[in-house]
Amino acid sequence: MENVFHKGEEAVQKLAGEEKMAKRVGRGIQGGILLGAIEFIARQPMAYVASADADGRVWASLLVGRPGFIEVPGTTGVILHEDKIISAKTDLFFDNINRHPEVGSLYIEPILRARYRVNGKAVRHGSEIRIGVKEAYGNCPKYIQASVLEFPESGEILAPKVHQGNALGEAEKMWIAKAHTFYLATRSLGGHMDASHRGGNEGFIEVLHDGTLRIPDYPGNSMFNSLGNIHENPNTGLLFVDHEKGETLQLSGKGSLQFDQQSKSDQEKTGATGRFWLFRTERWIRTENHHQANWKFVDFSPFNP
């Protein structure tokens with residue numbers, strides 16, 4: 001792959017003064033899955049996926065499945081088996097891909113602090129969702145909280161209860177304000193989707209008085225895939241997961257960049273980058289009984305500011 005970055009990514013790389021590093025790191029973005037990543041992806045019980053709805057809103061979703069739920073037959077694609085998914089089938093991801101087949105997918109093993117991204121086009125074949133790879137690459141282990149996922153050996157899958165709204169309520173604000181991890185969906189102007197991860201210490205997301213979220217951008221891989229997408233297309237999705245309760249909170253709205261913040265407090269909050277981004281919620285979905293998988297926390301990432 002020659003030029004792996006679009007104009008939005010290049011613009012943000014320039015704003016951050018990290019163009020040279022981005023070009024070097026960008027060599028890791030490939031048109032196929034690395035052989036060494038095939039087994040890693042296939043053993044994961046969860047997939048974090050990014051999709052767009054009929055109105056162009058962007059959403060991040062969590063899919064949870066039994067062993068064999070994710071199949072990686074080779075370097076060119078990933079297969080998600082719908083009949084082995086044990087999380088809520090009410091998730092709008094399943095309808096979204098019928099309208100907009102471009103998806104982003106992210107696979108994380110928290111105890112190893114390892115992650116791998118696969119972006120491409122999803123096609124349904126019976127009970128299979130096949131993602132043909134356009135981009136595939138690993139990310140650094142920064143800001144992933146170490147944890148172990150535990151699944152009940154058996155048990156009835158409870159019917160999901162879905163709650164929706166526009167402006168965030170106090171319960172949703174409290175959830176976000178205490179979070180140490182969330183997942184992010186963005187979409188380029190050309191329609192390419194990306195799923196990513198963000199982490200920090202509890203309370204790293206500021207909930208401003210008007211409900212806007214102010215999120216620090218820590219030192220990372222210099223590619224700015226997510227912020228590059230937001231720069232040219234503000235439609236953004238966020239996902240928060242409460243594994244103890246088996247609940248998810250999905251937000252869809254608009255993102256914007258807030259760079260060059262020089263106060264002492266802002267420098268400390270961002271790990272000295274002075275970079276933030278803002279998110280304004282337009283719609284939210286909270287799903288009870290989304291899944292039955294407990295996240296046993298081990299420790300925070302040593303990279304968290």
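Salt bridges in this predicted model number 21. A salt bridge is a side-chain nitrogen of Lys or Arg within 4 Å of a carboxyl oxygen of Asp or Glu. Because the model is predicted, local features need pLDDT of at least 70 and side-chain atom pairs count only at pLDDT 80 or more, while totals for chains, interfaces and linings use all residues. Residues are numbered from 1 along each chain as its sequence is written, and side-chain values use heavy atoms, with hydrogens and water left out.

Helices are DSSP runs of H or I with at least four residues, strands are runs of E with at least two, and both are numbered from the N terminus. Asp95 has a relative accessible area of 39% and is partly exposed. Here buried means under 20% relative accessible area, exposed means over 50%, and partly exposed lies in between (1.4 Å probe, protein chains only).

Glu102 pairs with Lys134 in another salt bridge, and their closest N and O atoms are 2.5 Å apart. This pair links distant parts of the chain. Glu102 sits in strand S5 (residues 102–109), Lys134 in strand S7 (residues 128–139), and 32 residues separate them. Glu102 is buried, at 14% relative accessible area. Lys134 is partly exposed, at 36%.

Glu206 and Arg214 also form a salt bridge, at 3.1 Å from N to O. Glu206 is partly exposed, with 21% relative accessibility. Arg214 is buried, with a relative accessible area of 9%.

Arg115 lies in strand S6 (residues 114–125). Arg115 is buried but has no salt bridge. Its nearest side chain of opposite charge is that of Asp194, 9.5 Å away. For charge, Lys and Arg count as positive and Asp and Glu as negative, with His and the chain ends not counted. The side chain of Arg115 does reach the backbone oxygen of Lys142, at 3.1 Å. Contacts (heavy atoms within 4.5 Å) of Arg115 include Phe40, Leu106, Tyr107, Ile108 and His197. Gly138, Asn139, Cys140, Pro141, Lys142 and Ile144 are also among the residues that Arg115 touches. Residues up to four places away in sequence are not counted in this list.

Note on methods: A polar contact is a pair of N or O atoms within 3.5 Å; within protein, one must be able to donate a hydrogen and the other to accept it, and residues adjacent in sequence count only if both atoms are side-chain atoms.
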